[in-house]
Amino acid sequence: MSGRRRLLITGASGFTGRHAVAYFAAGGAEVTAVVRRKPETELFPEGVQQVVCDLGDRRAVAAMIGAVKPDQVLHLAGRNSVPESWRDPLLYMETNVMATLYLLEALRVQPASRILVAGSRLKYRPGAADPPHPYSLSKTLEELVSLAWGTLFAQPVLMAEPSNLIGPGPSTGFCSLLAQHIVRSEAAAAAGSAAPAAFRLSSRHALRDFLDVRDAVRAYGFILDSGETGRIYRIDSGTERELGEVTAKLLAHAAAPVRVDWGPQEEHSRGNPSLSSAVPAKPPFESADTKETPEESGNYAVISGWKPEIALDRSLADIIGYTRAGKEGRLL
């Protein structure tokens with residue numbers, strides 16, 4: 001990103017948000033980090049403006065946009081737990097749909113402000129399939145209203161669909177959860193105490209595309225600066241890997257025995273690795289079965305000038321290092 005653009009990042013205290021704030025601030029942008037509540041510890045680099053704003057409060061969002069007057073907005077805020085979406089579906093509509101609309105509406109007074117909305121591969125195709133869970137419905141609606149708002153009101157709206165993002169930081173994704181299990185197992189072995197219960201996974205043969213979050217953040221920069229409005233940009237590594245392979249690579253870092261249970265569905269399940277199967281939902285990475293290809297949708301765009309740079313092995317090593325260091329949410 002060039003120049004001193006005013007960049008507003010929502011969801012700044014989250015996994016991707018923290019990486020995004022650090023990356024764009026280092027690149028010279030005037031970054032405003034939007035958080036829902038003030039964090040107890042300092043999360044952002046010096047010079048980053050932190051704003052506390054409830055994106056579900058329409059007036060608060062309008063006041064924030066009026067005060068910051070951003071040139072660009074990276075909208076990362078939202079909820080992404082499939083089981084939680086079953087328990088509180090209205091919360092997902094409010095957080096992922098209405099909050100996005102409040103942001104888009106507030107930006108209408110800044111017609112030159114480009115906004116990149118982070119979508120999800122877990123969307124479904126209305127008319128061709130039923131929504132698999134409330135989270136999928138919320139992200140599908142978020143995409144539909146974002147692109148429609150851009151068309152109706154001539155706003156420069158762009159969409160991104162990242163694959164499964166991994167890397168050092170406070171992630172709740174599969175790789176980070178397994179890394180935490182490895183570190184707990186190492187600590188138990190060092191203390192001579194009982195090993196933790198086995199980490200349950202559903203299928204070693206399920207395929208997933210894993211992309212380092214730092215590569216994804218670079219891609220967001222390319223899209224914000226030169227992306228074509230009204231388009232959807234898929235962000236992934238281009239390589240699908242079996243969960244068994246990724247698990248083995250992580251376990252190779254372990255300094256103590258680690259218990260892993262592949263579960264009764266190993267040979268046929270294509271579900272997400274999960275600590276528990278007792279949830280009324282398809283787990284978070286279920287999109288491998290239903291994802292659209294660019295040819296099917298006809299609306300996916302290529303990110304000019306961007307390609308992944310961080311290899312899977314480095315990502316996994318960095319995750320283990322971050323977890324062992326006990327950084328309490330701070331990035332390495």
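User: Which residue in β4 is the bridge partner of threonine 10?
Analyst: The partner of threonine 10 in β4 is histidine 75. Strand β4 covers residues 72–75 and runs parallel to β1, joined to β1 by four bridges. Strands here are DSSP E runs of at least two residues and helices H or I runs of at least four, numbered from the N terminus; strands pair if DSSP finds at least two bridges between them.

User: What should I know about the model itself?
Analyst: The model is predicted, so local features need pLDDT of at least 70 and side-chain atom pairs count only at pLDDT 80 or more, while totals for chains, interfaces and linings use all residues. Residues are numbered from 1 along each chain as its sequence is written, and side-chain values use heavy atoms, leaving out hydrogens and water.

User: Back to the strands. In what order do the eight strands of the open sheet stand?
Analyst: The order is β3-β2-β1-β4-β5-β6-β10-β13, and the pairing is parallel. β3 and β13 (300–301) are at the edges with a single partner strand each, so one side of each has no neighbour in the sheet.

User: And the open sheet of three strands, what is its order?
Analyst: That sheet runs β7-β9-β11, with mixed pairing. Its edge strands, β7 (164–166) and β11 (240–242), each pair on one side only. Three bridges link β7 in the parallel sense to β9, residues 207–212. Leucine 165 has leucine 211 of β9 as its bridge partner.

User: Which residues touch the most other members in the largest nonpolar core?
Analyst: They are Ile9, Phe24, Leu74, Tyr220 and Ile235, in a core of 33 residues. Such a core joins buried Ala, Val, Leu, Ile, Met, Phe, Trp, Tyr and Cys residues through side-chain atoms within 4.5 Å. Elements that each supply at least two of its residues include β1 (6–10), α1 (15–26) and β10 (232–235). The largest share, seven residues, is from α7.

User: What does isoleucine 9 contact, neighbours within four places in sequence aside?
Analyst: Contact means heavy atoms within 4.5 Å. Isoleucine 9 meets Ala20, Val21, Phe24, Val31, Thr32, Ala33, Val34, Leu74 and Leu76. Another core, of 23 residues, lies apart from the largest one, and its members include Cys53, Val68, Leu107 and Val117.

User: New topic: which residues of α2 are buried?
Analyst: In α2, residues 58–68, the buried ones are Val61, Met64, Ile65 and Val68. Buried is under 20% relative accessible area, exposed over 50% and partly exposed in between, with a 1.4 Å probe and protein chains only.

User: Why do they line one face of the helix?
Analyst: Down the axis of α2 they fall within an arc of 95 degrees, so they line one face; the arc is taken from the directions from the helix axis to the C-beta atoms. On the other side, Arg59, Ala63 and Ala67 are exposed. The cover over the buried residues of α2 includes β1, β2, β3 (49–52) and α4 (89–106).

User: What follows α2?
Analyst: Lysine 69 does, with a positive phi near 50 degrees.

User: Last one: is serine 171 buried or exposed?
Analyst: Serine 171 is buried, at 9% relative accessibility. This residue sits in the loop between β7 and α6 (174–191). A polar atom of its side chain is 2.9 Å from the backbone nitrogen of glycine 173. Beyond its neighbours within four places in sequence, serine 171 contacts Phe15, Ser176 and Gln180.

Technical notes:
Polar contact = N/O pair within 3.5 Å; in protein donor to acceptor, adjacent residues only side chain to side chain.
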